[in-house]
Amino acid sequence: MEPDWIEHRRSEDRERLGWMKPVGEGFVVIDLLGRQRTEALDWFHAEEALDEIGMSYLADPHELRLEDGSWLRVRIAEVSTSGIRVKKDDWGDMTATQLYYEVSFPVTEDQLRPLPR
């Protein structure tokens with residue numbers, strides 16, 4: 001996280017949705033994974049974009065690039081500026097061994113990407 005990022009929270013419950021990074025006369029929207037989601041916007045539209053993006057993308061399946069270059073289907077378990085924790089997708093099997101992986105924040109899409117649809 002860069003020191004000039006401005007935190008944005010949802011008005012209803014004060015849940016953090018991401019940040020606005022000052023760029024020139026505008027603000028770039030940064031999501032909870034530390035990824036840029038928009039080009040520079042004015043303050044109002046940057047806040048609006050974060051509200052629209054929300055947090056639902058965190059519940060979607062993702063793929064994690066492993067050290068051997070292969071991709072593993074994962075679910076995001078925890079997100080913070082200290083790091084991101086994902087777990088191997090077990091499709092809700094309560095008897096499956098849970099495998100967790102730590103990735104740094106911000107994470108790039110060449111390391112953690114949304115599962116192609």
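I worked from a predicted model, in which local features need pLDDT of at least 70 and side-chain atom pairs count only at pLDDT 80 or more, while totals for chains, interfaces and linings use all residues. Residues are numbered from 1 along each chain as its sequence is written, and side-chain values use heavy atoms, with hydrogens and water left out.

Entry 1, strands. I took helices (H or I, at least four residues) and strands (E, at least two) as DSSP runs numbered from the N terminus, and counted strands as paired if DSSP finds at least two bridges between them. I found β4 (residues 62-65) antiparallel to β5 (residues 71-80) through 4 bridges, with H62 opposite V74. In their hairpin, which has 5 residues between the strands, G69 takes a positive phi near 90°. I then followed β5 through a hairpin of 2 residues into β6, where 6 antiparallel bridges pair β5 with β6 (residues 83-88) and R75 stands opposite K87.

I placed D89 in the loop between β6 and β7 (100-103); D89 counts as buried because its relative accessibility is 6%, buried being under 20% relative accessible area with a 1.4 Å probe and protein chains only.

Technical notes. Buried < 20%, exposed > 50% of the residue type's maximum accessible area, 1.4 Å probe, protein only.
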